[in-house]
Amino acid sequence: MDIKSLVNEINIAKNLSDEELITIGSDCVEGYETDEASRAGWKENLEEWTKMALQVADKKTFPWPNASNIKFPLLSTAAMQFAARAYPTLVPADGKVVKCRVVGSDPTGEKTRRAIRISKHMSFQVMEEMEEWDEEMDRLLITLPIAGTVFKKTYYDSEKERNVSCVVMPKDMVVNYWAKSLEDCERTTEIHTFSKRKVEEKKRAGLYREVDLAKPTVDGIATNKSDPHDMTLPEEDDTTPYTILEQHTFLDLDKDGYAEPYVVIVEKESKEVLRISARFDTEGVKLDEKGKIVSITPTQYYTKYSFFPNPDGGFYDIGFGRLLGPINASVDTIINQLTDAGTISNLQAGFIGKGLRIKMGDTKFVPGEWKAVNATGQDIKQQIFPLPVREPSAVLFKLLELLSQSAQQLASVAEIFVGKMPGQNTPATTTMASIEQGMKLFTAVYKRVYRSLGKEFQKLYRLNRVYLDPQVELDILDEPIQQSDYLGNEKEVIPAADPTAASSQERQQKTQQLMQLLGLGTLDPMEITVRMLESLEVSDPEKLMKQPGPPPPDPKVEALKMKAQLDQQKAANDLQMEQMKMKLSQANEAAKMQMTKAMKEQEMQFKAQEAALKMKIAAMEANVSLATQQQEAQSKLVQGNQSHQLGMMQQQEKHQQAVQQQKAQKPKPKK
């Protein structure tokens with residue numbers, strides 16, 4: 001198998017032997033298990049962070065059954081605050097999510113027009129055509145601050161016949177913990193769960209090999225549950241899914257000693273290879289002068305979104321789960337201790353001496369109830385000893401306040417950021433400065449998300465270059481988009497959001513400062529007005545702007561224009577006269593030709609009629625001649641019959657005469 005045949009093959013696994021498929025399947029599952037083991041500690045922490053964000057309350061038995069089990073929503077608040085700020089910032093309300101940057105000089109303006117067409121088309125794709133993109137982006141921004149790392153998979157879906165960009169949760173994307181990046185790692189594995197029906201659909205579509213898989217079990221489903229500590233397994237039935245591993249790896253299928261990038265899909269339990277497809281195209285193959293492969297650039301499907309880089313050099317970055325998790329656990333412990341102390345203080349307990357003659361066991365009271373006891377008050381006082389209980393500790397309360405403040409500072413979730421108004425005497429400039437400083441943390445994270453978003457758009461740009469059908473888009477966009485528009489450098493595509501402006505108020509404030517500089521005469525007021533309207537998220541701001549009037553004309557220039565117009569008018573009149581003469585001449589020639597043609601046609605008609613008449617006369621003469629011949633033949637036949645009859649009659653007469661003569665000559669007998 002050569003490189004070209006491998007690129008164009010839908011399922012390369014159909015052309016491989018059983019021994020090769022067994023080896024490939026075993027290697028893929030073994031590599032997946034190795035990578036899974038390298039990130040086991042991180043995965044366990046991720047489960048704890050997820051439980052903390054979801055405020056999952058386990059049943060407590062210490063210090064007594066059903067003790068206080070409050071989950072403070074510190075991590076949940078930080079994640080929601082980040083998503084609430086990041087989503088409208090990275091996905092503008094006007095729908096201009098993508099813009100194309102013009103690189104290099106553009107004297108004719110062709111690059112700018114091409115950039116506008118691509119920007120409108122790709123923005124329409126992600127906001128309208130790709131139905132899942134907006135929702136998946138919202139989901140990513142709420143998961144990213146908790147886990148620290150989230151992935152998006154961008155590819156062309158042949159079943160939907162369009163581009164798709166969906167979120168891949170970090171627990172479902174298995175990469176070796178010590179890998180440097182997605183581009184440099186040797187192996188990445190995405191975990192899918194497909195039902196038996198879905199697998200059968202892919203087999204019938206020719207995407208999977210026709211192999212018999214064992215009945216799926218529920219053993220591999222328990223690790224994917226939202227509550228990892230819930231050990232109850234669902235019952236097995238027809239909807240129990242298979243665990244399918246989609247591994248992006250390198251294999252040497254052409255046996256040239258150099259491993260090429262492929263996508264291998266394996267069923268985890270049976271290790272059966274269902275599909276192998278090329279993860280490169282002919283453009284990414286680099287050859288030397290002798291035609292030997294030097295390197296192959298793999299096609300990257302996944303984009304990694306990061307919150308904070310991991311200081312230990314690991315592949316999976318960190319989020320609020322790791323940063324706020326210990327503090328959140330400590331806050332939960334202190335709150336529960338204070339609540340338990342208050343419970344003990346409100347519901348006292350103690351010892352009852354045997355000298356008090358009352359029924360032993362628990363004695364419960366309701367408000368306003370008095371119970372009769374066969375003892376004096378002094379005896380009751382001496383026989384009942386309450387346990388020494390203290391009020392909830394003020395030190396713990398101070399410690400709780402300190403931890404909460406530290407967590408808010410770490411997560412930039414101060415009171416002013418959750419909508420609480422500052423003090424009445426706080427100047428507006430001080431408030432804005434505090435907000436700007438508090439948003440520095442979010443701005444840094446926005447830049448990382450912005451960078452990943454640009455890589456995702458570059459993948460969409462490449463998919464449009466390969467799979468775009470311009471006929472579908474012509475009726476939707478103002479300007480038609482062509483596949484040739486995407487033949488440029490994919491590095492020219494960047495997100496439309498501004499990562500340095502974390503809020504609409506901040507953008508408006510920056511624009512207002514520009515408005516104050518208009519008096520210097522060095523800035524373009526039209527451009528500043530456009531930016532002001534965009535910061536207010538006004539759709540189609542160019543329609544609201546009044547176009548400036550033209551400057552007063554120069555008299556000399558006007559005179560020259562008038563003379564030029566007169567000359568042009570005279571030349572136009574002369575040209576019109578010449579055209580009219582030519583039209584008359586052409587009309588005369590056409591009339592002559594038409595008359596000649598008509599006369600020729602009439603002459604031809606006369607000749608045709610004459611020929612038809614001659615043919616008719618000849619036919620009549622032939623008919624008359626034929627009738628005459630038939631009459632003559634009939635007359636001859638009648639005459640022949642009459643002669644024959646006359647001869648017969650003559651012969652009969654002669655015969656009778658001969659008979660009579662014989663009778664006359666016969667001698668008479670003697671008497």
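The legends below accompany close-up views of a predicted model of one protein chain.

**View 1. The whole chain and its secondary structure.** The chain has 671 residues, of which 35% count as buried, and its secondary structure comes to 16 helices and 14 strands. Among the contacts in the chain with a separation of 6 or more, 67% are made by residues 24 or more positions apart. The chain exposes about 43400 Å², and carbon and sulfur atoms supply 55% of that area.

**View 2. The largest nonpolar core and a second, separate one.** The largest nonpolar core holds 71 residues, and the members that touch the most others are Met122, Trp133 and Phe457. Helix H12, which spans residues 440-467, gives the most to this core, contributing nine residues.

**View 3. The hairpin of strands S2 and S3.** Strand S2, formed by residues 149-157, runs antiparallel to S3, and the two are joined by seven bridges. Within this pairing, threonine 154 stands opposite serine 165 in S3. Four residues lie between the strands of the hairpin, where glutamate 161 takes a positive phi near 60°.

View 4. Is strand S3 (residues 162-168) largely enclosed by the rest of the structure or largely open? Because seven of its seven residues are buried, that is, each has under 20% relative accessible area, strand S3 is largely enclosed by the rest of the structure. In a regular strand the side chains alternate between the two faces of the sheet.

Methods: Residues are numbered from 1 along each chain as its sequence is written. This is a predicted model: local features need pLDDT of at least 70, side-chain atom pairs count only at pLDDT 80 or more; totals for chains, interfaces and linings use all residues. Side-chain values use heavy atoms; hydrogens and water are left out. Buried means under 20% relative accessible area, exposed over 50%, partly exposed in between (1.4 Å probe, protein chains only). Contact means heavy atoms within 4.5 Å. Accessible areas come from the Shrake-Rupley method with a 1.4 Å probe; for residues, only the protein chains shown count as cover. A nonpolar core is a set of buried Ala, Val, Leu, Ile, Met, Phe, Trp, Tyr and Cys residues joined through side-chain atoms within 4.5 Å. Two strands pair if DSSP finds at least two bridges between them.
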